[in-house]
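Please walk me through this protein in the viewer, one selection at a time. At each stop, say what to pick and what is found there.

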Amino acid sequence: MSRASMTFTQLEEREVARVRNHTHVAKAAMARPSAAFPRLVDEGAYQACTFDLSVPPWEGAPGASEWIHVFRASLDEFVRRASSASDEDGGGTDAPARARAFEEDFLRVLKAYECDEAVSCAPDWCPKPLPTLDCVWLCRLRERALRVHGFEDVFRDVKASQNDEACRMLPALLRRLDQMQDERVQMERLVRGLLAGNTFDLGANASARAFQDGESTSGSVESFFETCEALPDRPWMVDDVDAYLQAWCDEAAWRRDHRKAVVFVDNAGADAVLGALPFARQLAKRGMDVVLAANRSPSINDITASELETTLADARKNDEFLRNVGEKVRVVECGNELPVIDLKDVSMQLASEAEDADLVVLLGMGRAVETNLHVELDCDCLRVARVKHKEVAQLLGGELFGCVVKWTRATESSKRRSGS
Ligand code: MG
């Protein structure tokens with residue numbers, strides 16, 4: 001593969017591997033091809049990031065310095081987790097020192113963006129000139145700083161314990177959902193479950209603090225249902241719930257128009273297991289193939305494809321429907337390694353699966369709001385997220401922890417343009 005045809009992500013991975021002298025990782029990165037997500041209407045015009053961080057759209061809106069602050073404020077949680085990482089994830093006796101070195105390096109990156117003197121401020125491994133200030137690059141450089149200092153998956157323990165807890169709760173949750181006779185009430189509860197689960201996000205400072213205070217842990221199905229009920233009053237920040245429920249409740253039309261879904265999942269624990277899995281199961285009950293697209297490699301507390309495989313296998317053991325439906329509900333690694341997603345750079349496997357998808361579901365603030373909020377797809381699309389940065393809430397005209405449910409039908413013109 002020529003250098004020109006490789007993606008930034010692969011180049012990044014090779015560079016980190018080179019810095020750390022891991023030639024086998026560099027070779028693996030070179031061998032991994034990627035593609036644009038085939039449901040994009042206009043791949044050439046695609047911009048992953050929703051907000052231009054460098055230019056506030058109106059006076060008083062957050063600009064570059066506020067966004068840099070968002071990433072600076074997230075660092076305490078990373079340093080805390082990295083300092084106590086297991087050996088497998090890059091821990092060890094020198095982990096606290098390396099965690100501080102990671103912090104210093106990433107602060108230098110942020111400083112370089114602030115002072116516009118990248119050459120003198122930014123660490124050696126940082127691209128120069130600095131890449132565009134956007135959320136994809138800031139996330140990418142934070143991951144890169146962790147890898148350069150030897151950390152692989154510093155949130156592994158918390159992801160595992162949250163997945164275990166959620167898996168224990170799942171059978172009772174599914175029974176409760178199955179008892180609901182009214183399909184509109186049931187689907188609204190499933191959407192609320194997506195939002196309630198999405199509250200837990202250790203990459204966002206406000207959510208991480210709430211988690212430390214014990215607010216985001218559910219513990220029981222009852223408390224999860226209470227969280228579903230305790231969402232802000234509707235109408236939400238973006239609220240297409242009624243339109244989505246109307247489409248869902250026209251079962252004949254739904255079955256005619258929706259045969260296969262790609263669901264981009266977000267966080268480990270309640271988000272993926274109590275939000276995304278029951279939702280995916282309900283789509284499968286309507287006869288749909290459901291592809292759960294999860295990250296290839298670790299990023300904050302996002303669930304990885306291999307972790308999701310494990311939780312799905314666990315769910316199958318305890319749920320007859322999921323067991324019988326088999327590979328109609330399946331996991332695919334989407335090629336991504338960030339808490340946001342650039343749809344120009346997905347795995348070949350996901351691109352292949354998405355060729356005949358007629359529904360895309362984007363879950364979580366990173367994938368559905370900070371990236372891809374306004375991106376046009378040539379199929380129906382549901383975006384569901386809890387907003388955990390006050391800067392994002394401000395740009396959307398809402399409050400911290402507000403809810404986004406955006407339902408977009410594919411227009412005939414977009415279908416024609418993409419030839420589907
Ligand atoms: Mg996440």
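The tour starts with the whole chain, then goes to the sheet, the metal site and a few helices.

**Whole chain**

Keep in mind throughout that this is a predicted model. Colour by burial next; of the 420 residues, 60% are buried. Contacts can be drawn as well. Of those between residues at least 6 apart in sequence, 74% join residues at least 24 apart.

**The sheet**

Select the strands β2, β9, β8, β7, β3, β4 and β5. In that order, these 7 strands make up an open sheet with mixed pairing. The edge positions belong to β2 (238–239) and β5 (329–333); each has a single partner strand, so one side of each has no neighbour in the sheet. As background, strands of a sheet pair through backbone hydrogen bonds, in either the parallel or the antiparallel sense.

Now select β7 (359–363). How many of the residues of β7 are buried? The count is 5 of 5, so the rest of the structure largely encloses this strand. Show the side chains: Leu359, Val361 and Leu363 point one way, while Val360 and Leu362 point the other way. Both sets are buried.

On one pairing, β7 and β3 run parallel and share 4 bridges; look for Val262 opposite Val360. On another, β7 and β8 are parallel and joined by 5 bridges, with Val361 standing opposite Leu382 of β8. Then move to β3 and β4, which are also parallel and joined by 5 bridges. Here Ala261 has Val290 in β4 as its bridge partner.

**The magnesium site**

Which protein residues are donors to the magnesium ion? They are Asp266 (OD), Asn267 (OD1) and Asp302 (OD), at 2.1 to 2.2 Å from the ion. Along the chain, these donors have the spacing D-N-x34-D. Asn267 sits in the loop between β3 (260–264) and α14 (270–285), and Asp302 in the loop between β4 (289–294) and α15 (305–318), so this pair ties together parts that are 35 residues apart in sequence.

Asn267 is buried, at 0% relative accessibility. Asp302 is buried too, at 2%.

**Helices lying across the sheet**

Select α9 (residues 183–197). This helix lies across β7, β8 (380–386) and β9 (403–408), and runs at about 45 degrees to β8. Then select α12 (residues 241–249), which lies across β2, β8 and β9 and runs at about 50 degrees to β9.

Within α12, pick Ala247. Is Ala247 buried or exposed? Its relative accessibility is 12%, under the 20% cut-off, so Ala247 counts as buried. Beyond its neighbours within four places in sequence, Ala247 is in contact with Trp254, Trp407 and Arg409. Draw a distance from Ala247 to Arg409: the two are 162 residues apart along the chain, and their C-alpha atoms are separated by 9.7 Å.

**Helix α3 and its surroundings**

Select α3 (residues 64–73) and show Trp67, Ile68, Val70 and Phe71, which are buried. Look down the axis of α3: its buried residues fall within an arc of 150 degrees, so they line one face of the helix. The general rule is that an α-helix has 3.6 residues a turn, so residues three or four places apart point the same way.

Asp105 is buried, at 11% relative accessibility. Leaving out residues up to four places away in sequence, Asp105 touches Pro123, Trp125 and His149.

**Last stop: cysteines**

Select the cysteines, among them Cys167 and Cys403. How many disulfides does the structure hold? The number is 0. Cys167 is buried, with a relative accessible area of 10%. Cys403 is buried as well, with a value of 1%.

Key
Residues are numbered from 1 along each chain as its sequence is written. This is a predicted model: local features need pLDDT of at least 70, side-chain atom pairs count only at pLDDT 80 or more; totals for chains, interfaces and linings use all residues. Side-chain values use heavy atoms; hydrogens and water are left out. Buried means under 20% relative accessible area, exposed over 50%, partly exposed in between (1.4 Å probe, protein chains only). Helices (H or I, at least four residues) and strands (E, at least two) are DSSP runs, numbered from the N terminus. The arc is that of the directions from the helix axis to the C-beta atoms. Donors are N, O and S atoms within 2.8 Å of the metal (3.2 Å for Na, K and Ca); water is not among the atoms, so sites may look incomplete. Two strands pair if DSSP finds at least two bridges between them. Contact means heavy atoms within 4.5 Å. Axes are lines fitted to C-alpha atoms, for helices over the stretch in contact, and angles run from 0 to 180 degrees between N-to-C directions. A disulfide is a pair of cysteine sulfur atoms within 2.5 Å.
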